[in-house]
Amino acid sequence: RWCMVFMAIQNIKVFIKHLKKEYSDADKDNMFRFRFKDPVDGFIQLDLVKTFQDGWTIDPKRQPLRIKKKDSDLFGSDELPISPTCKVTIFSEGSEKHLSYTVPLKGIHSDDVREVCIQRYLQTSNTSG
């Protein structure tokens, strides 16, 4: 069982500091820049619902998986001390060893990154008895 955390934070210095403090042991990939479509009331959203694929389950912890621009801008200030995140639980119940699942993004400019890919490998433990 794994937890994927999707974050959108405006201030890169605050973002790096937060990653080091809260997620120092986590795999960090798929980092990218984007621009909100709406510069005032914008958002970024993972277009994802609970999904079953090849023995894997991808389970969002809330709907919609949306981070508002104003929360992204405010993180690190006194007004918003908790990071704007979307959490997704991923687990395997089957024998398929690899999950590769593409998630479209909404609310951002069309010439920016348009999707993220969830990749997970089933970890097997070798126990000798």
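The note begins with the basis of the model and then takes up individual residues.

1. Basis. The model is predicted: local features need pLDDT of at least 70, side-chain atom pairs count only at pLDDT 80 or more, and totals for chains, interfaces and linings use all residues. Residues are numbered from 1 along each chain as its sequence is written, and side-chain values use heavy atoms, with hydrogens and water left out.

2. Salt bridges. The structure holds five salt bridges, a salt bridge being a side-chain nitrogen of Lys or Arg within 4 Å of a carboxyl oxygen of Asp or Glu.

3. Aspartate 112 and arginine 35. These two residues form a salt bridge in which the closest N and O atoms are 3.2 Å apart. The pair links distant parts of the chain, 77 residues apart: aspartate 112 is in the loop between S7 and S8, and arginine 35 in the loop between helix H1 (12-22) and S2. Helices (H or I, at least four residues) and strands (E, at least two) are DSSP runs, numbered from the N terminus. Aspartate 112 counts as buried because its relative accessibility is 16%, whereas arginine 35, at 39%, counts as partly exposed. Buried means under 20% relative accessible area, exposed over 50%, and partly exposed in between (1.4 Å probe, protein chains only).

4. Surroundings of aspartate 112. Neighbours within four places in sequence aside, aspartate 112 is in contact (heavy atoms within 4.5 Å) with Phe34 and Arg35. Salt bridges with shared partners join Arg35, Asp111 and Asp112 into one network.

5. Aspartate 47 and lysine 106. In this salt bridge the closest N and O atoms are 3.8 Å apart. Aspartate 47 lies in the loop between S2 and strand S3 (51-53) and lysine 106 in strand S7, so the pair ties together parts that are 59 residues apart in sequence. Aspartate 47 is partly exposed at 38% relative accessibility.

6. Lysine 69 and aspartate 73. Their side chains meet in a salt bridge (2.5 Å, N to O). Both residues lie in helix H2 (residues 69-74), four residues apart, about one turn of the helix. Lysine 69 is buried at 17%, while aspartate 73 is partly exposed at 33%.

7. Strand S2. Two strands pair if DSSP finds at least two bridges between them. S2 (residues 43-46) pairs antiparallel with S5 (residues 65-68) over four bridges, and two bridges join S2 to S7, also antiparallel. Glutamine 45 stands opposite arginine 66 in S5 and has lysine 106 as its bridge partner in S7.
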